[in-house]
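Hi,

Here is the structure I promised to pass on. Have a look at it first, and my notes on what turned up follow below.

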Amino acid sequence: MRFPSQRSVADSFSSIPLDAGADLALKDGSRVAVIGGGPAGSFFSYFLLKMAEAIDLELEVDIFEPRFFTRGGPSGCNHCGGIVSESLVQILAAEGINLPTEVVQRGIESYVVHMDVGSVAIQSPAKESRIAALYRGNGPRDGSELQWESFDGYLQGMAVERGARVRHKLVTGVDWTDGKPVLIENDGHASAYDLVTVSAGVNSNFIGMLKDSPAGVAPPKTTRTYICEFKVGREGVHEIMGNAMHVFLLSIPRLEFAALIPKGEFVTMVMLGDELDQELVHAFLDDPTVRRCFPTDEKPVVCSCSPLINMGATKRPYGDRIVMIGDSGVTRLYKDGIGASYRTAKAAAATAVYQGISADTFEEHYWPACKAISSDNAIGKVIFGVTTLFKHSKISRRAILRMTSLEQEQEKAPHMSSVLWNMFTGSAPYKEIFTSTLHPGFIGSLVWNLAHGMRPSGGNGKVA
Amino acid sequence: MSDATSPEAGGLGNDERRLTPAYRPSQVEKQAPCQAGCPNCGDIRGWIGTVAQRDKLGLTKEEAYERAWRMITDVNPFPSVLGRVCPHPCETHCNRAEHDEPLAINAMERFLGDWAIEADIPLPTIDGEAGPEWVGVVGAGPSGLSFAYQMARRGYRVTVYEGREKAGGMLRFGIPDYRLPPAVLDAEIEKIERLGVEIELETAVGRDVSLQELKQRHAALYLGIGAQAGRGLGVPGEDGPGVWTGTEFLSLVNCGEPVDPGTRVAVIGGGNTAIDAARAARRLGAEVTILYRRSRTEMPAIEHEIDDALEEGVELVLLASPVRLERQPNGDLATLIAQRMELGEPDDSGRRRPVPIPDSELELPVSAVIAAVSQAPDIRGFEDLDQDGGWFLTGNGGAVGDGVWAGGDALGLGIAGMAIVQGRHAAEALHARFRGLAPPEAPENGKRLVGADEIIMEFHETRPPALPERLSPEERLAAPMAEVSGRITEEQFLAETSRCFSCGSCFGCSQCEMFCTSGCFTKLEEVGPGIYFTLTLEQCQECGKCVEVCPCGFLEVN
Ligand SMILES: Cc1cc2nc3c(=O)[nH]c(=O)nc-3n(C[C@H](O)[C@H](O)[C@H](O)COP(=O)(O)OP(=O)(O)OC[C@H]3O[C@@H](n4cnc5c(N)ncnc54)[C@H](O)[C@@H]3O)c2cc1C
Ligand SMILES: Cc1cc2nc3c(=O)[nH]c(=O)nc-3n(C[C@H](O)[C@H](O)[C@H](O)COP(=O)(O)OP(=O)(O)OC[C@H]3O[C@@H](n4cnc5c(N)ncnc54)[C@H](O)[C@@H]3O)c2cc1C
């Protein structure tokens, strides 16, 4: 059965040939398009080619990525806080992806949690749950040290080494011809593929175009964030930040989360909030707690952006010959997006190579990986909700401070410390965090500290 | 431009306390350096872009050529002429010089001018603007003709009064044929005449008709009388046979009159007239020496014309000035006695003043001496008008008296491009006055000049410019009238247009579209040089990628 080409997307959906399902699998010579060469796209290409090689399957993989990650400054950057857990770094090493020190800076050994009632430093509970910092591009605008190498660029190099081809093009649309996706590039060029993997993140208008595609995927929900880079100088950074990442639990209306991350000569500030705007940024920077540890007046900001962050999973991130991974698909709420990219990319690649590329196959073999993440996110939402409640009550802030401080000082069982640690690093699933809060030791200690916190002289936090 | 805090803008917006600029783009067309360098303020980038971007604009080659030619002729009816003789300050300012070589703008202009002559394209008119006024022009040089063109294309009736037997001024009687073939000049003047401009030849004002009569006849007058009177040397022995001024000599040569300077010619001066006179004399078979009283860097002549003269065997004696001419008993010239000079303090013109060195005379055997030291206007018949030491003095946008305007060399020696722009400005001002319109504004008013540091030069591969074929010095002397410099080929022309950086104006490279995956930039259906994308800031991440990758300096941080 043959169909005229270049028909409308909706049309072709309803008329995909019945026997098309028969060859919904990758064969020798199959062409795979990867839209977006961020972490998800590169992980996917890397695993796809590695797994294909293992079963002697020859594939042609084109990564569409308009950006050049070799460039310094914003033009080679895929904006994010750049925190990855040491456990992810180690998992990647086991996969054969050894991130060199120019790409990943290790050694952030503690967290400092700042609250109006005091600050407390939490040491990393175990070596493998330490965290590392990276830049997605070659460091911020105005960088004077040639210290950073792009994380995204490094991963892309790994994919290319495996045989993927990078095409510096923007994909502006997909047409479906005879049930096969045809990618349209920004210069009008079009080419047909056997499988399209969408790894365009959430900061891409491309994913919105897929609403009407045969896959019928709705783009994920998003919210706007703020990131900026303070150029403080290596010594200054060490003096102010130490070897620690600083997070803030402050009762500032609309502020969800804010962190300061030391990165060589820079300090990266990441902020999440409701309807984030300049007012909120200033409210945060002007807050006495923030000023106490990070007075910003003298520090030049050299780079900033306000990208979107994924707030909710794409429903049904697959279809016949199409699969969505990383931020474009399902990712972890608020953190560890890179880890989620890795997991969804690998699951999608394994499905495509070993199982097939039909919607049904993806549902059976790929969706479980996504579902695990999205159900965990549901728990994460509850935890964040509780944190928000806690954040806005001075008594509970004192309790958190007191409990954590005591744990850190007296080497007590680190109930609160590991809850906080895991929440901020993303090194454990939300479910695990939640479970640990149900631990009798946690509850008992919290209740005790809450009660203590109600007495006016309650706080005895160690100021970091 | 959308307001920073407007709801349709994405990101966090701007306020005074913002830590960085919101790296939010705006599309701001800027002035290109070529245009800033051009006295005529021509939209050089625009016409080059029209050809370079023809595929994106959906134009055939011919459509693009015609459109580009119309853009040039909007300000200058002589592209073929200026494409040959203009010293092209535009190229001196071209940013591409910092990458490899400046664009060959002049050669491209000539290509288009010649193409339009061969394709017989009429000059563009501006409809529906004219009134009943009848304007008069004195002098059919480039300045007067530029004025006449700008009035006639708006529909005014124009009569030009020219003292000589042919129109063209110094372009015809000064610049020799080997640089500007008369047929080219004729063709471009003819296009102006086709707009209805009447040229009354051999009608000198002050001789055949008085200024007073013309003032009565016309609603306004434009004087483009040039600086026809060559100055003498003012040294003993100057009066007598064998001595010409540069303009006299060139006029004779250019008119094909018999002129015999003998075998040893000395040309005094360092300007274009001196160089042209020397090269013309050389073509008549003489040994030619140019004497100039300062050093080569001070020579006002077009640099490469000096090189051409030297190639052709003209001798250059710098830092020397004639003191007297000695004659044979029969009155013929025998020897030029000159004095060596050295450079002293800078004078008013900023050039260092030549100072005689005592007892340093040198002797040069001569059969003829051509004094190309300076020219001045012949203002007989115009004495009542505003003037300063024999040059017209304009105030008030080009007027030298009630209803009388002036421009070109009569205001001070310049280049043809300058004469043309003054004619145009006078016409625009006069038209505005006739029609009660606001005085015209310069097209680039308010636009910031784009800096070389705003251009990403690496975006473009280095590539040598288009060079025309040129006759060898031997060929030139063997065929004295033959044009020295050829026309670049069509292939060269097209390749050359694509070397343009399009400084400060969008050329549709799509870098912003590519790097902004959020989709703030949308390609327009109808595009043109400078307009390829609409910008909506709804999805803006304020990251500044687009500004950073824009190779032409069109995008800037808002
Ligand atoms: C403020 C903030 C802080 C964060 N902090 C962290 C953190 O500390 N640690 C962490 O692990 N995660 C963090 N994340 C999340 C992380 O950034 C994402 O999860 C991760 O980038 C997802 O990777 P991806 O490959 O799916 O998408 P992206 O990294 O967004 O990559 C998408 C790629 O697709 C390309 N693309 C887009 N559209 C097209 C198109 N039409 N054609 C061709 N190519 C296209 C883009 O150029 C881009 O390179 C943070 C996110 C935000 C917003
Ligand atoms: C030898 C030479 C070489 C040159 N080379 C170059 C060059 O390479 N590039 C360049 O850009 N410029 C060059 N120039 C300068 C350029 O030619 C002049 O700047 C330009 O021609 C001035 O134009 P104009 O219209 O003001 O005057 P002109 O060209 O001098 O024209 C004036 C016209 O007015 C007529 N006229 C004068 N008085 C009267 C009157 N009373 N009644 C009626 N008609 C009258 C004259 O006959 C003449 O036709 C050169 C000049 C000379 C002399």
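Let's start with Glu275(A), which is exposed, with a relative accessible area of 68% (exposed means over 50%, buried under 20% and partly exposed in between, with a 1.4 Å probe and protein chains only). Glu275(A) sits in the loop between β16 (266–273) and α6 (278–286) of chain A; helices (H or I, at least four residues) and strands (E, at least two) are DSSP runs, numbered from the N terminus. Although Glu275(A) is not a glycine, its phi is positive, at about 45 degrees.

Before going further, two housekeeping points. This is a predicted model, where local features need pLDDT of at least 70 and side-chain atom pairs count only at pLDDT 80 or more, while totals for chains, interfaces and linings use all residues. Residues are numbered from 1 along each chain as its sequence is written, chains are lettered from A and ligands numbered from 1 in the order in which they are written, and side-chain values use heavy atoms, with hydrogens and water left out.

Chain B has a residue of this kind too. Glu202(B) is not a glycine, yet has a positive phi of about 50 degrees. You'll find Glu202(B) in the loop between β4 (198–200) and α11 (211–217) of chain B, and at 53% relative accessible area Glu202(B) is exposed. Thr203(B) is in the loop between β4 and α11 as well, but is buried at 14%. A polar atom of the Thr203(B) side chain is 3.5 Å from the backbone oxygen of Glu200(B). That is a polar contact, meaning a pair of N or O atoms within 3.5 Å; within protein, one must be able to donate a hydrogen and the other to accept it, and residues adjacent in sequence count only if both atoms are side-chain atoms.

Now the ligands. Ligand 1 lies between chains A and B, and 38 residues surround it (a residue is near if one of its heavy atoms lies within 4 Å). The closest are Glu65(A), Ile83(A), Arg136(A), Ser204(A) and Asp327(A). The side chain of Glu65(A) has an N or O atom 2.5 Å from an oxygen atom of ligand 1, and a polar side-chain atom of Asn78(A) is 2.7 Å from a ligand 1 oxygen. The protein covers 95% of the 990 Å² of accessible area that ligand 1 has on its own (areas come from the Shrake-Rupley method with a 1.4 Å probe; for residues, only the protein chains shown count as cover). Which helix gives the largest share of the shell around ligand 1? That is α8(A), with 3 residues.

Ligand 2 has 37 residues around it, with Val85(B), Glu162(B), Arg179(B), Gln228(B) and Asp409(B) coming nearest. An oxygen atom of ligand 2 lies 2.8 Å from a backbone N or O atom of Met170(B), and one is 3.1 Å from a polar backbone atom of Gly414(B). Here the protein covers 96% of the 990 Å² of accessible area that ligand 2 has on its own. The most shell residues, 3, come from α13(B).

On to charges. Side chains of opposite charge can pair when their charged atoms come close.

Lys30(B) is buried at 1% relative accessibility, whereas Glu556(B) is partly exposed at 23%.

Glu305(B) is in helix α14 (residues 303–311) and Arg179(B) in the loop between α9 (170–173) and α10 (182–193), 126 residues apart. Both residues are buried, and both belong to a network of salt bridges that includes Asp276(B) and Arg470(B).

Cheers

Methods: A salt bridge is a side-chain nitrogen of Lys or Arg within 4 Å of a carboxyl oxygen of Asp or Glu.
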